[in-house]
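Please look over the structure shown below.

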Amino acid sequence: MLYINPENCRNRETRESFQGLKLAKFQRKKMLKQFSLVFFVLFACYVGVNSRELKHITKELEVNAPAYEAWELYRNLGLINIIVPKLPNVQSTQVLKGDGGVGTVAKTTFVPGNSSYTEEFIVIDDKKRVKAAKALEGDCLAFGCSVLIVEFDIKEKSQNSCIIKSIISYAVKKEFEAKDPKPTVAVEAITQTSKEYLERNN
């Protein structure tokens, strides 16, 4: 990467151009932060929950594979068809509606007990590599939560590596607040299994 110290630039136009690049970089970072905040506020309104009521569990995992390859796995039905069936407590997966785009509804059945988890894809952003799904039934919705959202954010680290960021957002019903229920959705197992899959096939 070419580095130019603006203090050493005698040419005013070069100096101004460099400063403009620095400002643009700062604004891009600011916009990404604003996007995350706006996403949660808008979605909270969509599901009828005050954004301040949402609790968040965030994890990051580095993967030695290009971001575009990770996104191809995450963006549509890759997790449902390839990754989730590899988890030890999963009996079956089924797409109830859709082809992997926004509005797709997928169901995962677990053993023992035939409990299940159903989710709807609500955000698929190819530009920002962000995918979010809203739980429709199962997991903590069965024992005290009113809302459960799982988001995956694929961030490029280098040409051949990326960061998979997972965010679980949930809200607890007032009558269950004393019990403090928490999501049990296997996000860490999903990201770890997808990491192994991507690195093995890269």
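Lys 182 and Asp 180 meet through their side chains in a salt bridge, with 2.5 Å between N and O, where a salt bridge is defined as a side-chain nitrogen of Lys or Arg within 4 Å of a carboxyl oxygen of Asp or Glu. Salt bridges that share partners join Lys 182, Asp 180 and Lys 55 into one network, and in the pair formed by Lys 55 and Asp 180 the closest N and O atoms are 3.4 Å apart. That pair links distant parts of the chain, with Lys 55 in strand β1 (residues 55-63) and Asp 180 in the loop between β7 and α4, 125 residues apart; helices (H or I, at least four residues) and strands (E, at least two) are DSSP runs, numbered from the N terminus. Lys 182 counts as partly exposed at 43% relative accessibility, as do Lys 55 at 36% and Asp 180 at 32%, on a scale where buried means under 20% relative accessible area, exposed over 50%, and partly exposed in between (1.4 Å probe, protein chains only).

This is a predicted model, in which local features need pLDDT of at least 70 and side-chain atom pairs count only at pLDDT 80 or more, while totals for chains, interfaces and linings use all residues. Residues are numbered from 1 along each chain as its sequence is written, and side-chain values use heavy atoms, with hydrogens and water left out.

The structure holds 6 salt bridges, and one of them is formed by Arg 75 and Asp 126, whose closest N and O atoms are 2.8 Å apart. Because Arg 75 lies in the loop between α2 and α3 and Asp 126 in the loop between β4 and β5, this pair ties together parts that are 51 residues apart in sequence. Arg 75 is partly exposed, with a relative accessible area of 22%, and Asp 126 is partly exposed at 43%.

## Cysteines

The count of disulfides comes to 0, a disulfide being a pair of cysteine sulfur atoms within 2.5 Å. Cys 140 is buried at 0% relative accessibility, and Cys 162 is likewise buried at 0%.

## Thr 104 in its loop

Thr 104 has its place in the loop between β2 (90-97) and β3 (105-110), and at 1% relative accessibility Thr 104 counts as buried. A polar atom of the Thr 104 side chain lies 2.8 Å from the backbone nitrogen of Gly 100. Leaving aside neighbours within four places in sequence, Thr 104 is in contact (heavy atoms within 4.5 Å) with residues including Leu 77, Val 95, Glu 119 and Phe 121.

Note on methods. A polar contact is a pair of N or O atoms within 3.5 Å; within protein, one must be able to donate a hydrogen and the other to accept it, and residues adjacent in sequence count only if both atoms are side-chain atoms.
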